[in-house]
Amino acid sequence: MVIAAKALFGALNREDLLHQMEESNRALRRMNLRRLAMAFTLARFDHSRMHLSSAGMPPVYVRRAEGSVETFELPGSPLGSLARFPYRQIEVPLATGDFIVFMSDGLPELMSEEGEMVGYERLSVLLSDSVATTAEALVAELAAFAGHWKGSRSQDDDITFVVVRMKE
């Protein structure tokens, strides 16, 4: 599934994210990969804005330079799962110093030793309280939080995140 999706995204028009999502979904459905599907977020950065489309992934967080946090959730069925899903594309204005946080569901669904999930609201607060000044520092904060939150409990899912910081 991953190889097929990568090949499709490399071959399609990179300017129109919505077209990429729809065409990839159609092509993957035609491959008849049975129950295989792929959750995916696609973003394109263009100077002071981000174009965003999603297929079944958690929200994208934008931590603004002054510390506020915005959540961008795009409902979307994983690629290859539904024949004609109406994918959406949004445009998000960005400024110098903003952090964009993409993640899998592993961190929001991480359980503590007491059986409590991190949750999306707690992540928003964590990002708002962050003192990170670089993408690497924010990744380190998120990883440290995950380790502390789960304690000695084993991890049930992968924890993946990508952080982008807007520069001048």
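How many nonpolar, polar and charged residues does the lining of the largest pocket have? The structure is a predicted model, in which local features need pLDDT of at least 70 and side-chain atom pairs count only at pLDDT 80 or more, while totals for chains, interfaces and linings use all residues. Residues are numbered from 1 along each chain as its sequence is written, and side-chain values use heavy atoms, with hydrogens and water left out.

The lining of the largest pocket comprises seven nonpolar, three polar and no charged residues (Ala, Val, Leu, Ile, Met, Phe, Trp, Tyr, Cys and Pro count as nonpolar, Asp, Glu, Lys and Arg as charged, and the others, Gly among them, as polar). Among the lining residues are Thr 41, Phe 102, Met 103 and Val 162. On a 1 Å grid over the protein atoms alone, a pocket is an open set of points with protein on both sides within 12 Å along at least five of seven lines, a cavity is a set where a 1.4 Å probe fits but cannot get out, and lining residues have an atom within 4 Å of a point. The space in the largest pocket is about 160 Å³, a volume being the space filled by probe spheres set on the points, which are joined across faces, edges and corners.

One cavity of 30 Å³ or more is counted. The largest cavity has a lining that includes Thr 41, Leu 52, Phe 72 and Glu 73, and by class this lining has seven nonpolar, two polar and one charged residues.

His 51 lies in strand β2, residues 49-55 (strands are DSSP runs of E, at least two residues, numbered from the N terminus). His 51 counts as buried because its relative accessibility is 8%, buried meaning under 20% relative accessible area with a 1.4 Å probe and protein chains only.

How values were computed
Helices (H or I, at least four residues) and strands (E, at least two) are DSSP runs, numbered from the N terminus. Buried means under 20% relative accessible area, exposed over 50%, partly exposed in between (1.4 Å probe, protein chains only).
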